[in-house]
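Student: I am new to this one. Can we go through what the labels rest on?

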Amino acid sequence: MTLKLDRLPERNPSKITVTLTPELKAALDDYAELYRRTYGQKESVAEIIPFMLDSFITADAGFRRARKTLDAERAAKSTPSRSPRTSAESED
């Protein structure tokens with residue numbers, strides 16, 4: 001069987017809390033079970049979700065393009081504007 005999500009890398013455990021619809025929770029539980037059957041290792045839904053989100057965001061070309069624009073806007077805001085030097089300042 002092939003899943004979109006590869007086997008998870010070694011990592012330090014972290015705890016997250018999310019609110020899900022019953023349908024989404026059931027789907028995530030099923031995904032975790034299929035992950036266990038595919039890789040022979042049980043992973044909790046909470047452990048799988050960050051990697052699913054990362055995979056989703058990485059595959060979203062529109063998000064990548066928009067994020068570059070957002071990063072450029074942030075960089076422009078954080079770069080102090082240089083005021084032109086006066087002739088007295090230039091002579092120092």
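Tutor: Start with a definition: helices (H or I, at least four residues) and strands (E, at least two) are DSSP runs, numbered from the N terminus. By that rule, the elements of the protein chain run α-α-α-α from the N terminus on. The chain has four helices and zero strands. This is a predicted model, where local features need pLDDT of at least 70, side-chain atom pairs count only at pLDDT 80 or more, and totals for chains, interfaces and linings use all residues. Residues are numbered from 1 along each chain as its sequence is written, and side-chain values use heavy atoms, with hydrogens and water left out.

Student: What is the mean pLDDT of the protein chain?

Tutor: pLDDT is the predictor's confidence in each residue, from 0 to 100. The mean for the protein chain is 86, and 83% of its residues reach 70 or more. Where pLDDT is low, the predicted coordinates should not be read in detail.

Student: Why is Y35 called buried?

Tutor: Buried means under 20% relative accessible area, exposed over 50%, partly exposed in between (1.4 Å probe, protein chains only). Y35 has 0%, so Y35 is buried. Y39 has 23%, so Y39 counts as partly exposed.

Student: What makes Y35 and Y39 an aromatic pair that is tilted?

Tutor: Rings of Phe, Tyr and Trp (its six-membered ring) pair if their centres lie within 6.5 Å; planes under 30 degrees apart count as stacked, over 60 as edge-to-face and the rest as tilted. A search of the whole structure finds one aromatic pair. Y35 and Y39 form this pair, at 4.7 Å centre to centre with 55° between the planes, hence tilted. Both sit in helix α1 (residues 22-39), and because they are four residues apart, about one helical turn separates them.

Student: Which residues make up the largest nonpolar core?

Tutor: A nonpolar core is a set of buried Ala, Val, Leu, Ile, Met, Phe, Trp, Tyr and Cys residues joined through side-chain atoms within 4.5 Å. The largest has ten residues: L3, L5, L8, L28, Y31, A32, Y35, V45, I48 and I49. The largest share, four residues, comes from α1.

Student: Is F56 buried or exposed?

Tutor: F56 has 56% relative accessibility, so F56 counts as exposed. F56 lies in helix α2 (residues 45-59).
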